[in-house]
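Subject: Structure handover

Hello,

Here is the structure we discussed, with the sequence. My notes on it follow below.

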Amino acid sequence: MKRILWLLFFVVTAAGAPLPFLPAGSWPWWDSVWITIFFVAVYYDLASSLGLSQTRFASGVVVATLAVLLGLSGLTGWPLGPLRFTEHAGFQLGGAVPLLLPLLAFSLLTVSHQAAAAAFPGSGQAPLAAATAGAFLLTLLNGIVFFSLNRLWWEWNSPHLPDATVRAAMGVFFLGIAAFALAFVYPVDTRLKTNRWSPGLVAWLAGNALFLVANGVFLLR
């Protein structure tokens, strides 16, 4: 079952390759399908290695924390900046929190953790958490064009504010702190040690490849 789920994820990711070349917001169904399959594949993979109870705890803490951060930012503009989520961001709770985005963030954080564990298999808990946060932030920064300009999931309420760059940097800082802290939720004894070509690592690479295509197309335009 795990192989089938990961195969579906890679197929849907590959099917999204034309999206950066299409008008913004094309194929809105792709977003929900991609995030749902991504989340289910990551959750099933995690449960098969950590057990169901630990996976429920880890996913619950990560999804709830990230949902709170997104909700606060959507309502108050803090701590991630003056974000406004659009109808393209998926099913929303009270018009503030896109329900699919915390699931996507959990999936990205988990595969970032797996990629970090594969790259640094002998690292301690704190260095591994730092590597996870770095991989997570790298993925998000790489995906900004894809998420905000290609898929239209969010936009800045005030992108031309004099302090927009500072507020964006603060948002990245808070996300990095959150990712570092949430990486400790994953059990220390296993630390998700994987071989170098685990499905999580390949998924992390595949997602970043898709985002790089979007960045390249945007620059050419």
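Predicted model: local features only at pLDDT ≥ 70, side-chain atom pairs only at ≥ 80, totals over all residues.

Overall fold

The chain contains 8 helices and 4 strands. Their order along the sequence is α-α-α-β-β-β-α-α-α-β-α-α. Of its 221 residues, 49% count as buried.

Salt bridges

Side chains of opposite charge can pair when their charged atoms come close. The count here is 2 salt bridges.

One joins the side chains of Asp45 and Lys2, at 3.3 Å from N to O. This pair links distant parts of the chain, with Asp45 in helix 2 (residues 28–50) and Lys2 in helix 1, 43 residues apart. Are the two partners buried or exposed? Asp45 has a relative accessibility of 9% and so counts as buried, since the cut-off for buried is under 20%. Lys2, at 33% relative accessible area, is partly exposed.

The other salt bridge is between the side chains of Arg151 and Asp31, at 2.8 Å from N to O. This pair also links distant parts of the chain: Arg151 is in the loop between helix 6 and strand 4, Asp31 is in helix 2, and 120 residues separate them. Arg151 is buried because its relative accessible area is 1%. Asp31 has 5% relative accessibility, so Asp31 counts as buried too.

Largest pocket

The largest pocket holds about 600 Å³ of space. It is lined by 26 residues, of which Leu83, Leu140, Ile144, Trp154 and Leu175 are the closest to its centre. The elements that give two or more residues to this lining include helix 3 (52–76), strand 1 (83–85), helix 4 (100–119) and helix 7 (164–182). Helix 6 supplies the largest share, 5 residues.

What classes of residue make up the lining of the largest pocket? The lining has 24 nonpolar residues, 2 polar residues and no charged residues.

Regards

Terms used:
Residues numbered from 1 in each chain as written. Heavy atoms only, no water. 1 Å grid on protein atoms, 1.4 Å probe; cavity = no way out; pocket = protein on both sides within 12 Å on 5 of 7 lines; lining within 4 Å. Points joined across faces, edges and corners; volume = space filled by probe spheres on them. Nonpolar A, V, L, I, M, F, W, Y, C, P; charged D, E, K, R; others polar. Buried < 20%, exposed > 50% of the residue type's maximum accessible area, 1.4 Å probe, protein only. Salt bridge = Lys/Arg side-chain N within 4 Å of Asp/Glu carboxyl O.
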